[in-house]
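Please look over the sequence and the structure before reading on.

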Amino acid sequence: MSTEATTVHGHGPAPGIMRWITTTNHKDIGTLYLTFSFIMLFVGGAMAMVIRSELAQPGLQIVNPDFFNQMMTLHGLVMIFGVLMPALVGFANWLVPMQVGAPDMALPRLNNWSFWLLVAGMSMLLSTLLMPGGAMEMGWTMYAPQSLQTPFSFAFSIFSIHLMGISSILGSINIIATILNLRAPGMKLLKMPLFCWSWFVTAFLLIVIMPVLAGGVTMLLFDRFFGTSFFDAAGGGSPVLFQHVFWFFGHPEVYVMILPAFGIISEIIPTFSRKPIFGYTAMVYALACISFISFAVWAHHMFTSGMPTAANLFFMYASMLIAVPTGIKIFNWIATMWRGSLTFETPMLFATGFIVTFTIGGFTGVMMALVPADFQYHNSYFIVAHFHYVLAGGTLMALFGGIYYWLPKWTGHMYLERLGKTHFWLTIISLNVLFFPQHFLGLAGMPRRVPDYALQFTDFNLISSIGAFVFGASQLLFLYNVVRTVHRGKQATDRVWEGAHGLEWTVPSPAPYHTFQEAPDVK
């Protein structure tokens, strides 16, 4: 870890815990983000275990329906705002300054403030479980009119979402300012590593969409407590309007969680293929196209809400169109691997696993883009399977791969390779055992967000629950491996991925200097 520490009032390094509370060092803050997200992974995972325990058999045997619904709501919010986004921001804090040749983030104190706002917001959200009436019960989407019947903890939840949104906006401003203003001399934008490009695009997405979410939930708050009728049909409002507002935020948000993962994969695959990335410029433009089109597809979540046929057609075609730049990225990763000097250390295993599982999620996404077919899939477990293949099979796999890839450089110590590979195989197998049967449940008509179900769904639900518990237990291996690496791992070499097979570690992108390598003198 970085030995640098923040000074307190100019009197030397901050001691002990105060170093972590007051730090403005980008490496320390990156470590804080990653540690926080890993803690939240187990919190959100515990909620998922409650859900899968209840669904392992038909009938109500473990929790009551109200608590089940609260677990559904908090699991979604914790995984999105507490796990995936903070982990990706942690990677940005560690890597963006290093990859562009900056001494730190452009706004170090704002960086510290962004992290602690996130912690405050997530703490407030989780505290709603302890309030009278419990947490929200309408799912992470907070649809009206259900959300207008919630307990008073709803106001607390809205405030927590505001805090986490402010944290995201401030962090995005910081990343954009760092990339635009602190790049090394001679590093043009089209010479940046692809991870920096992925976050550069993502930061603009966040700045646009987070105020939309803030406005939508504030209108909900006013409807619930101040007598307005934005979304209350009894007062002349429109519940469907909230769906439009929410999904204008919600669908680009999916790309906020996947684009930086694309950047991580774009760094790993060239390294273990010993080739530069195939089609660097096309990869950059594909990132930009995905982010741009993501603003035009939000209503594919609403095909059953009674939109006009012309609107359904537009959103169907736009949803299919976004598969084109995504497909370009997948083909370019495969082309990078083609005829390369491939080795399959743990990061490369996770990268290839990412390509397979994310592609399955992409195929089911194209299936759901078809309006007539979506009437069958809508609000079924097919939807649950789809977005978990994208976010767990996609983003989470990329995060694991990225941590294994950069951990030796971050800590100076090497993780246990055999344990890392065991973690991969347990994770990829259990992930598919967990989520693949849910496609069949959805096609057979099982609705999501229900604590009980008809007997014909029993077998697939039991298989899914077994996969869930193996998947959760597998992450304990990862925890042990990371902690052991930090405290007593074997000393890493200067060129970590060169030594094992005697192959040269090729620069993954056209930049003349790359992560952890010194920039040459530029005249």
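How many aromatic pairs does the structure hold? In this predicted model, there are 43 aromatic pairs.

**Aromatic pairs and cluster**

- Trp140 and Trp247 make an edge-to-face pair, with 6.1 Å from centre to centre and 90 degrees between the planes.
- Trp140 belongs to the loop between helix H4 (108-127) and helix H5 (153-181), while Trp247 belongs to helix H7 (residues 239-273), so this pair ties together parts that lie 107 residues apart in sequence.
- Both Trp140 and Trp247 are buried.
- Tyr377 and Phe382 are stacked, because their ring centres are 4.4 Å apart and their planes stand at 15 degrees, where under 30 degrees counts as stacked.
- Tyr377 is buried, and Phe382 is buried too.
- One aromatic cluster is formed by Phe38, Phe42, Phe350, Phe400, Tyr404, Tyr415, Phe424, Trp425 and Phe478.

**Charges over rings**

- Arg19 has its charged end over the ring of Trp20, at 4.4 Å from the ring centre.
- Arg224 places its charged end over the ring of Phe152, and here the distance to the ring centre is 5.3 Å.

**Packing of H2 and H15**

- Helix H2 (residues 26-55) packs with helix H15 (residues 458-488) at an angle of about 160 degrees, and the axes are 9 Å apart.
- H2 is therefore roughly antiparallel to H15, since angles over 145 degrees count as such.
- H2 and H15 cross in a left-handed sense.
- On the H2 side, the residues in contact are Phe38, Phe42, Met49, Arg52, Ser53 and Leu55.
- On the H15 side, they include Asn461, Ala468, Phe469, Gln475, Phe478 and Leu479.
- Phe38 and Phe42 of H2 and Phe478 of H15 take part in this packing and are also among the members of the aromatic cluster.

**Backbone details in loops**

- The peptide bond between Ala144 and Pro145 is cis, with omega about 5 degrees.
- Pro145 is located in the loop between H4 and H5.
- Met142 is found in the loop between H4 and H5, and its phi is near 55 degrees, a positive value in a residue other than glycine.
- Met142 has a relative accessible area of 2%, so it is buried.
- Arg449, in the loop between helix H14 (417-443) and H15, also has a positive phi, near 60 degrees.
- Arg449 is partly exposed, because its relative accessible area is 30%.

Technical notes: Residues numbered from 1 in each chain as written. Predicted model: local features only at pLDDT ≥ 70, side-chain atom pairs only at ≥ 80, totals over all residues. Heavy atoms only, no water. Phe/Tyr/Trp six-rings, centres within 6.5 Å; stacked < 30°, edge-to-face > 60°. Helix = DSSP H or I, 4+ residues; strand = E, 2+ residues; numbered from the N terminus. Buried < 20%, exposed > 50% of the residue type's maximum accessible area, 1.4 Å probe, protein only. Lys NZ or Arg CZ within 6 Å of the ring centre and 35° of its normal. Axes fitted to C-alpha atoms, helices over the stretch in contact; angles between N-to-C directions. Parallel < 35°, antiparallel > 145°, perpendicular 65-115°, else oblique. Left-handed = near helix turned anticlockwise from the far one by under 90°. Contact = heavy atoms within 4.5 Å.
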